[in-house]
Amino acid sequence: MQKHPILKDADSKMKKSVLAIEEELKHLRTGRPSPAVLEEIKVDYYGTPTPINQLSTITVGNDRSLTIKPWDKNMLKPIEKAILASDLGLNPINDGTTLKLVFPTPTTEQRQKWVKKAKDIVEQGKIAVRNVRRESIKDVKKMQNEGTISEDDARRLEDEIQKITDEHIKELDKIFENKEKEIMEF
């Protein structure tokens with residue numbers, strides 16, 4: 001049986017919301033160093049704001065650190081300035097060829113703040129998914145009122161829309177659970 005276009009559209013929009021939340025959570029700082037925390041920081045590269053990962057090699061060290069090795073040595077100072085100006089709260093160690101960012105072990109209080117922020121981000125995703133559900137059900141009711149589908153078909157479509165919604169909400173809960181574990185691990 002072919003899926004109704006309204007169901008396909010709702011599923012597609014909900015998937016996009018979930019992916020956007022996953023992407024946003026990648027940028028949320030956790031206790032573990034990740035190159036993703038630098039993705040939003042732009043450096044002036046000959047007049048063009050450029051992400052750090054497009055100007056250098058970033059490696060994760062075993063000692064809770066990131067090492068940034070710019071391909072162009074002249075970019076070392078501008079990258080250092082951009083990191084200092086960011087809201088990361090990290091001081092780069094400049095050895096003349098690389099920058100090292102040491103991530104201090106976060107306090108329990110910091111971890112709880114990050115979990116709360118992750119929960120807020122996931123809640124925004126749930127709201128987006130529910131908004132898609134509401135719009136899709138509105139479209140179904142409109143089709144029913146216009147007489148293009150029967151009352152039974154409308155009810156079936158609404159039930160399917162709810163199932164799709166529940167799946168995506170469950171997926172967001174799982175994403176939050178994983179992020180919370182990542183934040184709270186020592």
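This dialogue explains how to read several features of a predicted model.

Visitor: Which conventions apply to the model?

Guide: Residues are numbered from 1 along each chain as its sequence is written, and side-chain values use heavy atoms, without hydrogens or water. As the model is predicted, local features need pLDDT of at least 70 and side-chain atom pairs count only at pLDDT 80 or more, while totals for chains, interfaces and linings use all residues.

Visitor: At what angle do helices H3 and H4 pack, and how far apart are their axes?

Guide: Two packed helices are described by the angle between their axes and the distance between the axes. Helices (H or I, at least four residues) and strands (E, at least two) are DSSP runs, numbered from the N terminus. Axes are lines fitted to C-alpha atoms, for helices over the stretch in contact, with angles from 0 to 180 degrees between N-to-C directions. Here, H3 (residues 108–146) packs against H4 (residues 151–184) at about 170 degrees, with the axes 10 Å apart. The two are therefore roughly antiparallel; the cut-offs are under 35 degrees for roughly parallel, over 145 for roughly antiparallel, 65 to 115 for roughly perpendicular, and oblique for the rest.

Visitor: How do the axes of H1 and H4 cross?

Guide: The axes of H1 (residues 5–26) and H4 come within 10 Å and cross at roughly 10 degrees. That makes H1 roughly parallel to H4. Contact means heavy atoms within 4.5 Å; among the H1 residues that meet H4 are Ile6, Leu7 and Val18, and the H4 residues include Leu157 and Ile161.

Visitor: In which sense do strands E1 and E2 pair?

Guide: Two strands pair if DSSP finds at least two bridges between them. E1 (residues 42–45) and E2 (residues 48–51) pair in the antiparallel sense over 4 bridges, and Asp44 stands opposite Pro49 in E2. The strands form a hairpin with 2 residues between them, and Tyr46 in the turn has a positive phi of about 50 degrees.

Visitor: Which geometry does the aromatic pair of Tyr45 and Tyr46 have?

Guide: Rings of Phe, Tyr and Trp (its six-membered ring) pair if their centres lie within 6.5 Å; planes under 30 degrees apart count as stacked, over 60 as edge-to-face and the rest as tilted. The count comes to 1 aromatic pair. Tyr45 and Tyr46 are edge-to-face, 4.8 Å centre to centre, with 65 degrees between the planes.

Visitor: What is the strand order of the open sheet?

Guide: The open sheet of 4 strands has the order E3-E4-E6-E5, with antiparallel pairing.
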